[in-house]
Amino acid sequence: MIDNPCILNDVTRCIGCEECVAACKKINGMPVEDGPPRLGHSKDGLSATRWTSIFRRPDEVSVRKQCRHCFEPACVSVCPVGALIKTPEGPVIYDKAICMGCRYCMMGCPYGIPHYEWNSINPSVRKCILCYDKLKSGEIDKPACVNACPKEATTFGSQEEMLAEARRRLAAEPEKYIQHIWGEHEVGGTSVIYISHVDLGFLAWQDKKYLGTEPLPDRTWAALKKVPLEFLGMASFMTATWWVIDRRMRLAAEAPGEKVTEAPETTEDEGGER
Amino acid sequence: MTRRVQITKGILWFITGLAAAVTIIRFTRGLGTTTALSDTTPWGLWVGFDVMGGVALAAGGFVIGAIAHVFKRDKYHHAVRPAILTALLGYAAVAVGLLFDLGLPWNIWHALIFWNPQSPLFEVAWCVMIYLTILFLEFLPVFLERTRFQALYRILLRMQLPLIILGISVSTLHQSSLGTLLLIMPFRLHPLWYTPHLPELFFVSAICLGLSMVIFESSVTAWLYKRKPNTDMLSGLARFAAGALALYLAFRLFDLWHHDKIGLAFEGSFEARLFWFEMGLSTIVPLVLFLIPKVRRSHTGVFIASSMGLMGFLLYRIDASGLAQVWATRTDYFPMWTEFAVSFGIVSFFALIYLFIQEHFPVEHEILDEEEKWRQRQLFVLPRFDRLTQVWLGDPTFASRRVYSLVFVVALVLGLTSTPWQPLVEASPVQRARGGDILKVGFPIGTVAFPHAEHVKRLGKEACGTCHHLHLPGDVGTPCSECHSDLYLPTRLFDHFRHVGLLGENASCERCHPKEGPRIGVTAKKCSSCHEKDMMAENQVVKTFEYLTAPGLSQAAHGICIECHKREATNPEWGKPDLFRCATCHRTPVSHGDVVLEASLEEIEDEVLQ
Amino acid sequence: MLESWIALARGPLLRLALFAMALGLLRHVLLQVWEIFWALRRAGDQVVPWGLALRRNLEWLLPWRYLQRKERRLYNFTSFIFHVGVIVVPVFLAGHVAIWQQELGISWWRLPGSVADWLAVATVVAAVGLLLGRMLNQASRTISKPQDWLLPLLCAVPFVTGFWVAHPSWSPLGLQAVYLVHLLSAELLILLVPFSKLVHMVLFWTSQTSSELGWRFPPGSGERVRLSLGKDSEGV
């Protein structure tokens, strides 16, 4: 398996035939029919049995959705037990045996990719794994969806190759494309990149806004890395406060007539601030 | 035991019974059946209320611990044991709530062995486990006080202060980490709630909520057991609460101002209104009330102010973990009654345990003494009979147990009856697709005539938005399936009563069902054995159909129509039927060249033809 | 209109009735066991004639000796027929078994159609006979309570309507209406089981048992057990 595998989706080439969806369902052994949609289902068509979907815009533009396999995935960073794994090669995969089912990954993903088997009594988180196991064993050399695409709207290669290809296409037909590669820098860069003639901001939550280039895990880590310090700080502050007050009270008891000075009322609140 | 306690316990048992019914369904049918959660809203009431709210509700334990033991305010010593008990039970309730919410609850222990220190939830899980242990050790002396394990009791008492300081530190961590949880969702959470200072805000709000809870709980206990409330202590706590609330208010507003988001609060949007409602309920009104000395000394006053604070801060948690995200997901989520039943049921169940411990262990000595006197008196009350079942009710303790168990069973039965047993699917206005009425196959063949006038009549003139502009402006082609989601489902056609009625006197089961064996649908005759002519003559295409059901649209199109059209396409006499072209049904990109598309479809068609 | 009522009666109401009966009866049994356990503990008498209690219960369940008693022979026999009908017909009727099989996939022996018909008729006649017996006997009439009159009547309704559902041509009303009445009356009856004296279907053994155990208790506890025996005077 190549390092840094990457999928380049060219929105201008997609005809919306859904061959990729069918191929994905076949290789992952999922039923062809999805069954009735659940109330509040994703409007983009993704579900636990549909890991890639064609998002059809009213203006007849078809955009393929799938897991972006971020370089610094939010889902991997938030999973309390590490059931989602960023493999050394690049794809983000899921280990059912470890998962507790807290669904924090689904909340954390900026693209709303992980889906849940709501109707199962033993549910899994489901999302595209970039055909990781089959690529790794050499059974296939491209993900099934890429293989199935009749229009080469979705192509597969290493990250460098794909970025170069994307830049080549943008330069070759500058009037056709918006000069932006979605996924090159978004949330720290992703392994699935898009070039398009329409704005693709709608692919993420809170559509029509850019996601920014800062990886999401940095935001929680900024708070989490202070945890040991907070713990020690709070413990020593409390001990010191107790010691001071205890000592004062004992002194006051030894010297009768002197009034005990009271500690300010909101001390314990201020203690929480850093 | 006062009448109040008995009635309260009855109500609590009822809610617990409802929750027990939902519990059965939850653990046999899965989350999909018992919750309105969906892929767009994977966290709902159970996370917002049970976990986020529950942990904060139990914050009273460490706050009172700090006030009484670290700051040595002796008048609050009375509040320590109830507060620690509340905290202990609160955290236990959180753990139970988690068992409901986790998709794979039997893997809950995985947090112990699979570590991901990057995850805020991992940090919360560990802190909660540690703190639960600390709370247990802090509370153990209450269990031991009147037993013969006096040596252990004294050791634990001596450990009280270090334990409390440890508890405060651990609480600081996970109360703030609950806020850290949400830092990963800048794109889901509305900017009025999202801020890098969520951890600090959550910590301060936990102190507010904890203090409100202690005030609320001691005024409720006083009311329940008809004791004079400790006004001195309550008003003192109210002053602390006022301080904490003022701090929270200043912090929150300063944060908004600092990040230049204060304008958002005056936009008039749903979120802005929600923000002010939440701030009013949680902070502003209780703060004003607590600042008035007369309110602080009034039993009702502190009760009202603290319960407002409680609800407000619970709303804060629910907003942050759900309501303030609707803005991004654009999906409404309203908890099903089953979710409310479980959330309130867990609270009720642990409230019952709380009352039980109050009545049997020296949490508050006055209550225990009263209860023991009451129990002594009950030994001399005559037994009774139940008039309806003519069953002996036993002595009064048994009688009250009979009442509680009856209430519990009634709630359980009502719950089991009204709980949905099937997962929630998109509601369709059409329960049974009646093909002839709605779908009219028009001319040319292969198009479906849409009776627009009928839809307008049925939905009302103002309902244009139901179909047009459904998602975005310019959406002119809302597919039928957007409303008629059962288009894709097989439809039950057979009407048993109609058949029995029409056959009249000739009706006998054996006309359709076998003499031997079960008389059910599967074993009955095929429709075609009577309706050969009706079903076959007009419609040459549909030659195979499932018993009792008509195929859904996609099933019909892919399984029956396309197959036949493919076959017929090879017949040179017919030419190429339109339906064979994928593009006839599946929409095609216009902006990108019909030429390309036509060519590609021609290619595919050629392939099939060869 | 009737269709939707039938759908309601076949779905949620049936479930409500069955759950109420099952869980309500379970509650009665558990409470009764608990109370007997506590009664025994407080009595402190370890010599309990379990064998005797068991034999009394078996005799009561298989009432050959009871039927041979001289007094009120006809009444006892009617009561026996009534109980057999009330248990056997609903449980083993082919149509009912088919419903169980369809809904839950479980199935058991089915009563042949003609036997079911005759047994149903016999049950209805027996129910009327029981009421007459109660009416004509001075002693029974004085101790009867409203539910003693109403319950046999209510028991008869599902049998009559059930018979009509099976033989629509005999029925004075439309099939749907009769079916609806059949469903609703049966559900009411099932629902009432844990809330009326019908609860004796699971608690019969406690009265038989405590009457045997009662004699062995020390004087103090005898009072309470004697009170629990009060149920015996009701007949079956």
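Which helices do the buried residues of α8(A) pack against? I kept this for the third entry and began with the ground rules.

**Entry 1: conventions.** I am reading a predicted model, in which local features need pLDDT of at least 70, side-chain atom pairs count only at pLDDT 80 or more, and totals for chains, interfaces and linings use all residues. Residues are numbered from 1 along each chain as its sequence is written, while chains are lettered from A and ligands numbered from 1 in the order in which they are written.

**Entry 2: chain A as a whole.** I looked up nine helices and nine strands in chain A (DSSP runs numbered from the N terminus: helices are H or I with at least four residues, strands are E with at least two). Chain A has a radius of gyration of 26 Å, well over the 19 Å that the globule rule gives for 274 residues, so it is more spread out than a compact globule. That radius is taken over C-alpha atoms, and the rule is 2.2 Å times the number of residues to the power 0.38. Along the principal axes, the C-alpha atoms of chain A fill a box of roughly 95 × 45 × 35 Å. I noted that 46% of the 274 residues in chain A are buried (20 or more other C-beta atoms within 10 Å of the residue's own; exposed means 12 or fewer, partly exposed in between; C-beta atoms are placed from the backbone).

**Entry 3: where chain A touches chain B.** The contact takes 78 residues from chain A and 81 residues from chain B (two residues are in contact if their C-beta atoms, placed from the backbone, lie within 7 Å). On the chain A side, α8(A) gives the largest share, twelve residues. I then looked at α8(A) itself: 28 residues, reaching 40 Å from the first C-alpha to the last, close to the 40 Å expected at 1.5 Å a residue. The expected span is 1.5 Å times one less than the number of residues. Val227(A), Met234(A), Phe237(A) and Met238(A) are buried in α8(A). The buried residues of α8(A) pack against α7 of chain A, and against α4 (60-70), α7 (120-144) and α9 (160-182) of chain B. That answers my opening question.

**Entry 4: chain B and its confidence.** Chain B has 26 helices and six strands, and 41% of its 610 residues count as buried. I found an average pLDDT of 79 for chain B, with 71% of the residues at 70 or above (pLDDT is the predictor's confidence in each residue, from 0 to 100). In chain B the highest confidence is in helix α16 (residues 337-360), at a mean of 94, and the lowest in helix α19 (residues 435-438), at 32. Over residues 428-447 of chain B the pLDDT is below 50, though this stretch has 22 contacts beyond near neighbours in sequence. Where pLDDT is low, the predicted coordinates should not be read in detail.

**Entry 5: two positive phi values.** Leu130(A) is not a glycine, yet its phi is near 55°. Leu130(A) lies in the loop between β7 (125-126) and α4 (132-136) of chain A. Is Leu130(A) buried or exposed? I count Leu130(A) as buried, with 28 other C-beta atoms within 10 Å. Glu152(A), also not a glycine, has a positive phi of about 50°. I located Glu152(A) in the loop between α5 (144-148) and β8 (154-158) of chain A. Glu152(A) counts as exposed, with 10 C-beta neighbours inside 10 Å.
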